[in-house]
Amino acid sequence: MATYEKHYCWSILLRLFHWMFALSIVFLVVTGFYIAGPWTNTMVEGSAAWPMAYMRYIHYIAAYTFSSAVAIRLFLYFFGNAQERIWDILPISKRNINNLFKTLLLYSYVSDEHDERLGHNIMAGTSYLITFFAALFMILSGFFMLYPEAAFWQGWGVTVFGSQQWARFTHHLIMWWFLIFPVIHIYLCVWNDIKGPEGLISSIFTGVKFKHKA
Ligand code: HEM
Ligand code: HEM
C-alpha cells in the first residue's frame with residue numbers, strides 16, 4: 001500500500017492571491033459584459049435606478065481587488081517560497097524542461113508517468129505566467145480608461161494602445177482569456193486531483209500537498 005507524506009507548499013499569501021484573483025474575475029467578467037452590452041432597460045437609468053453606475057462601481061471595486069492580487073503575485077514571484085518563485089515554474093532548467101514534456105505526454109494520455117514535484121508542473125506554471133501578463137494588460141488598459149487624463153496612465157496608455165478606443169477593444173478581447181483559461185484550468189485541476197496523489201484542489205485552500213513516501 002502506498003504511503004504518503006504531507007508537504008507544506010503554498011503560503012497563505014499565495015492562497016490569498018488565488019482567491020482574490022479568481023473571485024474578482026467573476027465580478028469583472030459579469031459587470032464587464034454589462035458595460036459592453038447592458039441587458040436591462042437603460043431608460044430607467046437616472047430616474048429610479050442606476051444599473052450602469054452600479055455595474056461600473058462593482059467593476060472598479062473588483063478591479064482594485066484584482067490589481068492588489070496581481071501585486072501580491074508579483075512580490076511572490078521574487079520573494080515567495082521555493083515553489084512560488086518565477087524560476088521554479090518556467091522551462092529554464094533541464095529538470096523543468098523534462099517536466100514540461102512529461103506533463104504533455106501525461107495529459108495527452110501517451111504515458112502514465114506522473115513526474116512528482118512539489119510546485120506547479122511546468123505546463124501549468126507557464127500558463128499562469130501568461131495569465132499574469134494578461135492581467136497586467138487588463139490593469140493597464142482598465143486604468144487608462146478610468147483615468148484618461150492622469151499623466152501616468154495617459155503616458156503608458158497612449159504608448160501601448162494609441163487611443164482609448166483601442167484600449168477598450170483590447171480590454172474586451174483579452175477578457176476572453178479570463179473566460180477560457182478558468183474552464184481548462186478547473187478541468188485540469190480536477191483531472192489531476194483524481195489521477196495524482198497530491199490532493200491538488202485542497203492544496204489551494206490548505207497550502208498542503210501529498211507526495212508518495214520515498
Ligand atoms: C480580468 C479582468 C477584467 C475583465 C475581464 C474586464 C472586463 C471588462 C469588459 C468586458 C469591459 C467592457 C468593454 C466594452 O465596452 O466593450 C470593461 C470595461 C472597463 N473596465 Fe474592465 N475588466 C477587467 C479588469 C479591469 C481593471 C483591472 C480595470 C481597472 C480600473 C478595469 C476598468 C474598466 C473600465 C474603466 C472600463 C470602461 C467602463 C466604461 O466604458 O464605462 N477593468 N471591462
Ligand atoms: C473553483 C475554482 C478554482 C479552483 C478549484 C482552482 C484550483 C487551483 C489549484 C488547485 C491551483 C494549484 C494548481 C497547481 O499546483 O498547478 C490553482 C492555481 C491557480 N489558479 Fe486556480 N482554481 C479555481 C479558479 C481559478 C480562476 C477563476 C482563476 C483565474 C483565471 C484561477 C487562476 C489560477 C492561477 C493564476 C493559479 C496559479 C497560482 C500561482 O500563481 O502560483 N483559478 N488553482
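Q: How do the residues of the shell around ligand 1 divide into nonpolar, polar and charged?
A: In this predicted model, the shell around ligand 1 holds 16 nonpolar residues, six polar ones and two charged ones.

Q: Which residues come nearest to ligand 1?
A: A shell is read by listing the residues whose C-beta atom lies within 6 Å of the molecule. Around ligand 1 there are 24 residues, and Gly32, Ala36, Ala63, Gly142 and Met145 come nearest. Two or more shell residues come from each of helix 1 (12–36), helix 2 (51–79), helix 4 (122–146) and helix 6 (164–175).

Q: Which helix gives the most to the shell around ligand 1?
A: Helix 1 does, with seven residues.

Q: Which residues come nearest to ligand 2, and which elements give two or more residues to its shell?
A: The shell around ligand 2 has 20 residues, of which Ala22, His120, Ala124, Pro182 and Ile204 come nearest. The elements giving two or more residues are helix 1, helix 4, helix 7 (177–195) and helix 8 (200–206). Helix 7 gives the most, with six residues.

Q: How do the residues of the shell around ligand 2 divide?
A: Here there are 14 nonpolar residues, five polar and one charged.

Q: How many helices and strands does the chain have, and what pattern does it follow?
A: Elements are read in order along the sequence. The chain has eight helices and two strands, and the order is β-α-α-α-α-α-α-α-α-β. Along its principal axes, the C-alpha trace spans about 70 × 35 × 35 Å.

Q: What does UniProt list as "transmembrane region"?
A: An annotation comes from a record and may be inferred rather than shown by experiment. The unreviewed UniProt entry lists residues 12–37, 57–79, 127–147 and 173–191 under that heading. Such a range can then be set beside the model. Residues 57–79 are 100% helix and 0% strand, with end C-alpha atoms 33 Å apart. Residues 173–191 are 95% helix and 0% strand, and there the end C-alpha atoms are 28 Å apart.

Q: Which residues does the UniProt domain annotation cover?
A: The unreviewed entry gives "domain: Cytochrome b561 bacterial/Ni-hydrogenase" for residues 10–207. In the model this span is 72% helix and 0% strand, and its end C-alpha atoms lie 4 Å apart.

Q: What share of contacts in the chain join residues at least 24 apart?
A: Contacts can be sorted by how far apart the two partners are in sequence. Among those between residues at least 6 apart, 62% join residues at least 24 apart.

Q: How far apart in space are Arg95 and Ile122?
A: Their C-alpha atoms are 9.8 Å apart, while the two residues are 27 apart in sequence. Arg95 lies in helix 3 (residues 94–107).

Q: What is the phi of Tyr109?
A: Most residues other than glycine have a negative phi. Tyr109 has a positive value, near 60°, and is not a glycine.

Q: Where is Tyr109 placed, and is it buried or exposed?
A: Tyr109 is in the loop between helix 3 and helix 4. Tyr109 is exposed because 7 other C-beta atoms lie within 10 Å.

Notes: Residues are numbered from 1 along each chain as its sequence is written. Chains are lettered from A and ligands numbered from 1 in the order in which they are written. This is a predicted model: local features need pLDDT of at least 70, side-chain atom pairs count only at pLDDT 80 or more; totals for chains, interfaces and linings use all residues. Ala, Val, Leu, Ile, Met, Phe, Trp, Tyr, Cys and Pro count as nonpolar, Asp, Glu, Lys and Arg as charged, and the others, Gly among them, as polar. A residue is buried if 20 or more other C-beta atoms lie within 10 Å of its own, exposed if 12 or fewer, and partly exposed in between; C-beta atoms are placed from the backbone. Two residues are in contact if their C-beta atoms, placed from the backbone, lie within 7 Å.
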